[in-house]
Amino acid sequence: MACCTVPTPDPVMSDVLTVRARPLRVALVGNPNVGKSVIFGHLTGRYATVSNFPGTTVGITRGRALVGAEVCDIVDTPGVNTLQGTVSEDEAITRRLLQGEQADLIVQVVDTRNLRRGLMLTAQLVPIGKPMVLALNMIDEARAHGVDVDSGGLAARLGIPVVETVAVEGRGLEALRGALAAARVPQVPIEAVRDPLRWGHEMATRFRRIHARPSARFEEWVGRAVREPVTAIPLLAVVLYAVYVFVGVFGAQTLVALLEGGLFGRYINPAAIALSERFLPWLWLRDLLVGQYGLITMGLTYAIAIVLPVVTTFFLAFGFLEDSGYLPRLAIFSDRTFRAMGLNGRAVLPMVLGLGCDTMATMTTRILTTPKERLIAIVLLALGIPCSAQLATIMGILGGISFWAVLTLFGVVLLQMFLVGYIAGRILPGDRSDFILELPPIRMPRLRNLLIKTRMRIWWYLGEAVPLFLVGTLLLYGLDRTGGLAWIIVALRPVVTGMLGLPADVAQVFVMGFLRRDYGAAGLFQLAQHGRLTGVQAVVALTVMTLFVPCIANFLMIVKERGLRVATAILAFITPVAVLTGAALNHALQFLRVTF
Amino acid sequence: MPSNSSVSRSESARRLSVLDAGTVGRVARVLRDEPGRAERLAALGVTPGAYIRVLQTFPGVIFECDLTHIAVEPAVAAAILVDTTEVRR
């Protein structure tokens with residue numbers, strides 16, 4: 001069924017495939033979420049992250065492909081809805097790429113169901129003056145929705161090859177490869193360039209037929225259930241619980257126990273300690289590698305044994321939700337709340353991601369439109385969103401005390417986030433943007449994509465986060481050797497004991513909390529286990545820890561994204577907020593004589 | 001550009017924000033009351049002449065335009081004028 005319609009053989013265009021100084025550069029361009037990255041993967045054999053929501057690709061990905069007898073550079077670009085007027089940062093990347101020397105040939109990928117929007121973009125691509133091929137992707141879904149396109153007529157009208165594809169199944173991609181040799185500059189009237197929107201509308205009306213829709217399919221039924229409040233809110237509770245069981249229980253408890261207690265506790269760390277005692281005569285070097293703040297015994301153990309299982313299970317669960325098209329639906333319900341905080345519903349995506357890892361989520365704030373929105377989202381992530389590892393430790397401690405203790409903590413944290421967001425939304429300069437969000441279709445995720453994506457993300461974590469862990473551990477080691485750590489603990493004592501009513505040793509736990517918040521929580525877990533904390537003390541300490549400074553990795557990511565000045569300002573703001581909230585909570589609980 | 005001249009204004013054009021779920025119509029024009037708003041909508045295919053169907057009105061407005069589902073806040077929906085006389089279901 002995948003058909004390729006090429007107007008007439010044109011000997012001139014075979015010139016495209018001739019000997020040249022550098023490989024032919026083919027850019028995959030199109031509206032967001034039309035399948036560019038899937039086609040890129042098929043042509044090059046390289047994986048570019050594929051998800052079911054607009055805006056997955058925010059940078060350029062390159063790869064090589066063999067087309068006929070010639071090696072081509074294939075470029076995957078961020079989705080663009082328009083090339084004219086003011087465009088977002090990722091759209092600007094694509095525009096610059098197309099206008100420069102970086103693309104010789106354009107393959108425009110269109111979601112066939114949205115042919116009209118696709119053709120509006122085609123008209124904007126024409127003035128660039130580069131040879132083009134049009135790929136009508138997801139032709140199967142379009143047919144299932146009663147949409148038929150006269151691709152032959154369209155090819156004749158535009159004067160370029162038009163290929164029908166189902167990229168996820170690899171259908172039509174050989175035809176697409178073959179069509180590259182016949183690419184040429186589209187022939188459109190001048191009105192198309194003057195008013196692309198109107199022309200796109202007219203062309204779609206002419207070459208597309210929409211028949212009566214077949215009866216509601218399962219996906220549509222699910223789509224309705226996850227967007228209408230009566231069903232969507234109970235469904236959200238089910239989804240949250242399922243993710244909690246998979247990530248918080250299976251990942252953070254079962255797998256962590258296997259890796260930390262088993263692999264590292266029994267084999268790797270004892271072996272590393274034995275080896276260094278035998279071969280390293282210098283005590284400082286032994287300490288650096290296998291001491292209390294050792295690169296292996298602390299840095300690597302934490303990165304691999306504690307965090308890796310949690311992020312792996314989270315990446316799987318999150319990837320499933322991403323590919324299903326569910327996540328953007330959450331934005332519908334949270335839009336009102338986020339608007340009060342100077343954001344809009346889109347902000348729900350980084351917030352949800354933050355439950356996996358605040359560091360990664362800080363990077364995804366790039367999807368927000370204005371600088372003000374990005375700043376507020378980064379502050380809220382650093383302030384109140386516990387990462388999955390920390391969440392599991394919190395549940396471990398407070399779950400053992402009482403349900404009300406859990407509720408108190410989350411109630412206080414959410415209220416504090418809302419207050420901070422509300423104030424920031426009013427005092428920070430700049431605007432929030434309109435909430436306008438395209439909802440992707442609900443689909444059953446493909447296992448293959450889910451596994452490949454998770455593997456890529458684990459590599460990312462190992463490459464990006466592990467070095468940060470090691471840097472953090474080095475810092476702690478340095479502080480410990482110079483006596484700085486002891487000094488900090490002494491200095492913190494008045495606040496910890498005086499204001500928060502906690503045992504003095506909790507000061508040390510707070511310092512650890514900066515390395516990783518869940519590490520600090522784990523320290524509290526030990527104290528609680530030894531009966532050193534009352535219920536009220538546990539709630540107060542964990543509330544402060546949750547609101548407290550972000551972990552080092554998150555802090556370094558904020559520096560990377562927003563600069564050192566902003567990062568320091570965020571830190572200087574969050575720390576007193578966390579302590580004062582803890583102090584107020586402590587006094588309120590004492591006053592009300594709550595014991596949990 | 002105060003209005004879109006390519007499509008004649010219709011007397012019966014109503015704001016998308018006041019339409020009930022299930023209403024079908026054609027976009028008559030999009031108000032340019034906020035900078036960038038009309039452009040962002042146009043980029044999603046919400047331009048004069050587009051057929052739309054209102055799917056849901058609470059908590060935000062969700063409508064189908066050209067087989068794409070789009071969610072917007074009420075203020076944005078109020079800027080979209082829809083002609084409902086031509087097609088009514």
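Predicted model: local features only at pLDDT ≥ 70, side-chain atom pairs only at ≥ 80, totals over all residues.
**Exercise 1. Describe how A:F246 and A:F250 sit relative to each other.**

Step 1: Recall a rule. An α-helix has 3.6 residues a turn, so residues three or four places apart point the same way.

Step 2: Look at the rings. Over all chains, the count of aromatic pairs is 4. One of them joins A:F246 and A:F250, with 5.8 Å from centre to centre and 20° between the planes. Planes under 30 degrees apart count as stacked, so this pair is stacked.

Step 3: A:F246 has 29% relative accessibility and A:F250 has 37%.

**Exercise 2. Work out what surrounds A:Y422.**

Step 1: Find A:Y422 in helix 18 (residues 403–427) of chain A.

Step 2: With 35% relative accessibility, A:Y422 is partly exposed.

Step 3: A:Y422 forms a nonpolar patch with A:F418, A:I423 and A:I427, and together they have about 380 Å² of accessible area.

Step 4: Now look over the ring. A:R426 lies over the face of A:Y422, 3.9 Å from the ring centre.

**Exercise 3. Decide whether A:D323 is buried or exposed, and find a side chain that it contacts.**

Step 1: A:D323 is in helix 12 (residues 295–324) of chain A.

Step 2: Its relative accessibility is 6%. Buried means under 20%, so A:D323 is buried.

Step 3: The side chain of A:D323 makes a polar contact of 2.8 Å with the side chain of A:N449.

**Exercise 4. Explore the backbone at A:N33, B:D66 and B:P59.**

Step 1: Start with A:N33, in the loop between strand 2 (24–30) and helix 1 (36–44) of chain A. A:N33 is not a glycine, yet its phi is positive, about 60°. With a relative accessible area of 18%, A:N33 is buried.

Step 2: Move to B:D66, in the loop between strand 4 and strand 5 (68–72) of chain B. B:D66 also has a positive phi of about 60° without being a glycine, and at 10% relative accessibility it is buried.

Step 3: Finish at B:P59, in the loop between strand 3 (51–56) and strand 4 (61–65) of chain B. The peptide bond from B:F58 to B:P59 is cis, with omega near 0°.

Methods. Residues numbered from 1 in each chain as written. Chains lettered and ligands numbered in written order. Heavy atoms only, no water. Patch = residues over 30% accessible without salt bridge, like charges linked within 9 Å, V, L, I, M, F, W, Y side chains within 5 Å. Areas by Shrake-Rupley, 256 points an atom, 1.4 Å probe, with all protein chains shown as cover. Salt bridge = Lys/Arg side-chain N within 4 Å of Asp/Glu carboxyl O. Helix = DSSP H or I, 4+ residues; strand = E, 2+ residues; numbered from the N terminus. Buried < 20%, exposed > 50% of the residue type's maximum accessible area, 1.4 Å probe, protein only. Polar contact = N/O pair within 3.5 Å; in protein donor to acceptor, adjacent residues only side chain to side chain. Phe/Tyr/Trp six-rings, centres within 6.5 Å; stacked < 30°, edge-to-face > 60°. Lys NZ or Arg CZ within 6 Å of the ring centre and 35° of its normal.
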